[in-house]
Amino acid sequence: ISIAAIDRIGPSLDRLDAATQARFVAARDDVAMRSAPQLHAAIATLTRLAQAHPGNVEVQEALAEAWLLTREFGSASDTLSIGRARAAAAAARAIDPRSAVADRVDGVIAYWWDGKPQLAGELFRRAIAHAPNDPLAHLWYANILADNGEDAAAQRAFDAARTLAPGAPWLLADYGWGLWSAGRTKEAQALLTILA
């Protein structure tokens with residue numbers, strides 16, 4: 001049997017054909033670039049894919065992440081972006097109750113918008129347990145730990161994220177903020193200067 005003939009095993013029964021998969025991957029690249037035009041293009045593509053493939057967990061997860069990021073890097077209002085991110089995360093969780101992406105998206109919302117740090121911590125710990133190799137789960141957890149003044153725990157989470165995605169500019173920018181938040185201003189300034 002050809003190894004290439006084996007499909008990825010996962011919770012989505014709503015599989016994408018090759019052309020649709022290519023559009024999905026391109027949209028994920030756009031999300032990762034974190035620029036307003038690319039995020040808005042990704043949301044348009046992912047929304048169409050989610051409508052055509054409502055049972056595909058990866059599409060729902062990508063849409064949840066894109067809506068969450070468009071609040072920070074795009075021009076969508078809090079009401080729109082958070083509402084849509086919640087809805088897509090709920091759709092992903094309905095397909096796969098162990099969706100780490102849904103948990104981390106909901107963890108960000110719980111901490112930064114709902115003011116529920118304990119719930120956020122639970123969601124992030126669950127996301128990390130289900131997807132220990134997801135650098136964003138560690139990074140976003142590190143961000144809330146740093147904001148909450150838990151500097152040692154934040155450093156461990158930043159280190160885990162940096163191990164999984166070494167040199168990623170989006171990660172290092174958040175790490176620089178975490179250093180500054182912990183009072184390590186010289187290190188933060190040096191890192192952020194390099195990134196700038």
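User: Why is Asp134 called buried?

Analyst: In this predicted model, Asp134 has a relative accessible area of 12%, and because buried means under 20%, Asp134 counts as buried.

User: What makes the contact between Asp134 and Arg104 a salt bridge?

Analyst: The closest N and O atoms of Asp134 and Arg104 are 2.8 Å apart, and since a side-chain nitrogen of Arg within 4 Å of a carboxyl oxygen of Asp is what the term requires, the pair forms a salt bridge. Asp134 lies in the loop between α6 and α7 (135–147) while Arg104 lies in helix α5, so the pair ties together parts that are 30 residues apart in sequence.

User: Why does Arg104 count as buried?

Analyst: Its relative accessibility is 3%, which falls under the 20% limit, and therefore Arg104 counts as buried. Arg104 and Asp134 also belong to a network of salt bridges that includes Arg28 and Glu65.

User: How do you know that Arg93 and Asp103 meet in a salt bridge?

Analyst: The N to O distance between their side chains is 2.9 Å, and the cut-off is 4 Å, so the pair qualifies as a salt bridge. Arg93 lies in helix α4 (residues 78–95) and Asp103 in helix α5 (residues 100–112), so this pair ties together parts that are ten residues apart in sequence.

How values were computed. Residues are numbered from 1 along each chain as its sequence is written. This is a predicted model: local features need pLDDT of at least 70, side-chain atom pairs count only at pLDDT 80 or more; totals for chains, interfaces and linings use all residues. Side-chain values use heavy atoms; hydrogens and water are left out. Helices (H or I, at least four residues) and strands (E, at least two) are DSSP runs, numbered from the N terminus. Buried means under 20% relative accessible area, exposed over 50%, partly exposed in between (1.4 Å probe, protein chains only).
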